Amino acid sequence: MFRVLDHEEFLARRCVWVNGPVIVGAGPSGLAVGACLKEQGVPFVVLERADCIASLWQKRTYDRLKLHLPKQFCQLPNLPFPEDFPEYPTKKQFIDYLESYAKQFEINPRFNECVQSAKYDETCGLWRVKTVSSSGTSRAEVEYICRWLVVATGENAESVVPEVEGLADFGGQVMHVCDYKSGEDFRAKRVLVVGCGNSGMEVSLDLCNYNALPSMVVRSSVHVLPREILGKSAFELAITMMKWLPLWLVDKLLLIIARLVLGNIEKYGLKRPSMGPLELKNSEGKTPVLDIGALKKIRYGEIKVVPGIKKFSRGRVELVNGEILEIDSIILATGYRSNVPSWLQETEFFSQNGFPKAPFPNGWKGNAGLYAVGFTRRGLSGASSDAMRIAQDIGEVWKKETKQSIACHRRCISQF
Ligand SMILES: Cc1cc2nc3c(=O)[nH]c(=O)nc-3n(C[C@H](O)[C@H](O)[C@H](O)COP(=O)(O)OP(=O)(O)OC[C@H]3O[C@@H](n4cnc5c(N)ncnc54)[C@H](O)[C@@H]3O)c2cc1C
C-alpha cells in the first residue's frame, strides 16, 4: 500500500540531476579531481559527510603531525605549495594549503551529506547516489542522478579497532589514534600504544615529550628507515635510485643505509620483515616508518617496546610472553580501512576490502562511468596522478558531446 508523504517529508526527499560527475569525498583526492575537472570545463558536485574539507586532517589527526614526505611529493595538481613552507609542512600549513586550493578552483562541496548508497541504474544508464544530510535536528534525504561517479572517500575512511580479549573490562581510557590530539592529558600516565606504524611511533614520541610513560606493542615486524640520509629525504633517494636500479636492489641499499644510520634496531625488539621496505609497500601497502626521533627514545628506554597482547583485564595487559603490565590508558594505533563496500553497490571494480581490484596503475577507472581516486597506496602523489587521468578521461567525453550538442543546436536554429 502507498503512503502519502506529508509536506515536510516530501520536501526532505529531493532528487537532483547533476550535469557532470558526482565526487564522493572532499579530502585532497576529491579536491584534486575537482580542480582538474575545472580545467577541463566540466561541472561537478562534491559530496562530503563532514562539515569541512579534508576532515581526516582537520578532525582526526594529532597536533604535532607534519607531512611525512617532503612537500614536492605532496602537492596537488596545478598549485605548488607556497615557497616559504618548510620541507615538511605542518598539519596546519597543509590544511591552509588545501583551503586555498578549494578557494582558487572554486570547489564548494555540499557538506554534511553522507553518501549512504550508490548504484548504477542500467535501465537509464545513470548512477543513483543517495545521501542523508543532517544539520541540527533536521534530516534530509537526497538522491543525486549522474552519469559519472568518482569515489574519493579515501583509504582511511574508518578506524580499525581490533577485538582483543578483555578490552571491554579494562576500565581505563581507550581511544583510537584518530582521537588523539597531544600528550597533554597523559602526563605521568602509563600508556599502552598498540601498533608501531608511523602513527604509533609518533604518538609514543609525543607521549614521551609530555612525560608520559609509553609502552609500544610491536606484534610482528616493522621497517624503520631514517627520514633523511645525508640531508636528502629517504623517500626522494629511493625514487631516484628506482630510476636506474631494480626494486630489490634499491631495497637492499636502503636497508644497508638504514643499518649504517640507525644501527641494529632488532636488538630493541623491532624485527625487520623478510621482504624489503618498497616490495612490502607495493605488495601489501605497508608503509615503512620514517623515523623522526622515536628510535632515540626507544634506545634510551623512554619508549618500551613490548610484544603482542594476549588479553586485557582491569587496569592491566597480559602480553604473549606472559609479562603483565599495569597501565592507565590504551591508544589504538591500529590503522584505518576504506568504507566503500558499505555504500557502493558494485562488485566488479572494487573488491571486498574497499580497494580497486586492478593493481596500480590500472585501478582508477571502472565500468559505466565509475572512477576511483586515492586508492593506490601511493599517498598524495598517487592521488594527484589519478585525479589528472580521471579529469582528462571525463573531459574528453564531455567536450565531444558538448561540441555535438552545440552543432545540433546550430542545425536546429538554421532550419527555422
Ligand atoms: C596521520 C596521517 C598522516 C599522513 N601523512 C601523509 C603524508 O605525509 N604524505 C602523503 O602523501 N600521505 C599521507 N597520509 C595519507 C593520507 O591518506 C593522504 O594524505 C590523504 O588524506 C588522502 O586523501 P583522500 O582524499 O584520498 O582521503 P581522505 O583525506 O581520507 O578524504 C576522504 C574524505 O571522504 C569523506 N567521506 C568518507 N566517506 C564518505 C561518505 N560515505 N560520504 C561522503 N563523504 C565521505 C571523508 O569525510 C573525507 O573527508 C597520511 C595519513 C594519515 C592518517
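How many bridges join strand β11 to β16? Select residues 213-217 to bring up β11: 3 bridges join this strand to β16, and the two run parallel. Helices (H or I, at least four residues) and strands (E, at least two) are DSSP runs, numbered from the N terminus. Two strands pair if DSSP finds at least two bridges between them. Now pick M216, whose bridge partner in β16 is V305.

Before going on, a word about the model. It is predicted, so local features need pLDDT of at least 70 and side-chain atom pairs count only at pLDDT 80 or more, while totals for chains, interfaces and linings use all residues. Residue numbers start from 1 along each chain as its sequence is written.

**The sheet**

Next, show the whole open sheet, in which 5 strands follow the order β9-β20-β10-β11-β16 with parallel pairing. Its edge strands, each pairing on one side only, are β9 (173-176) and β16 (304-306). Neighbouring strands are turned by 20° against each other on average, direction ignored. Axes are lines fitted to C-alpha atoms, for helices over the stretch in contact, and angles run from 0 to 180 degrees between N-to-C directions. Contact is counted when two residues have C-beta atoms, placed from the backbone, within 7 Å.

**The domains**

Colour the chain by domain: domain 1 (7-157 + 338-414), domain 2 (161-220 + 288-333) and domain 3 (223-283). These bounds come from an automatic or database domain assignment. The centres of domain 1 and domain 2, taken over C-alpha atoms, are 35 Å apart. At their meeting place, 5 residues of domain 1 are in contact with 8 residues of domain 2.

**The ligand**

Now select the ligand, which is surrounded by 35 residues; the closest are G25, G27, G154, G374 and G379. A residue belongs here if its C-beta atom, placed from the backbone, lies within 6 Å. Elements giving two or more residues to this shell are α2 (28-40), α3 (55-59), β4 (113-121) and α11 (379-414).

**A buried glycine**

Finish at G354, in the loop between α10 (340-343) and β22 (370-372). Is G354 buried or exposed? G354 counts as buried because it has 21 C-beta neighbours inside 10 Å; the cut-offs are 20 or more for buried, 12 or fewer for exposed, and partly exposed in between. Leaving aside neighbours within four places in sequence, G354 is in contact with R337, S338, N339, V340 and P341.
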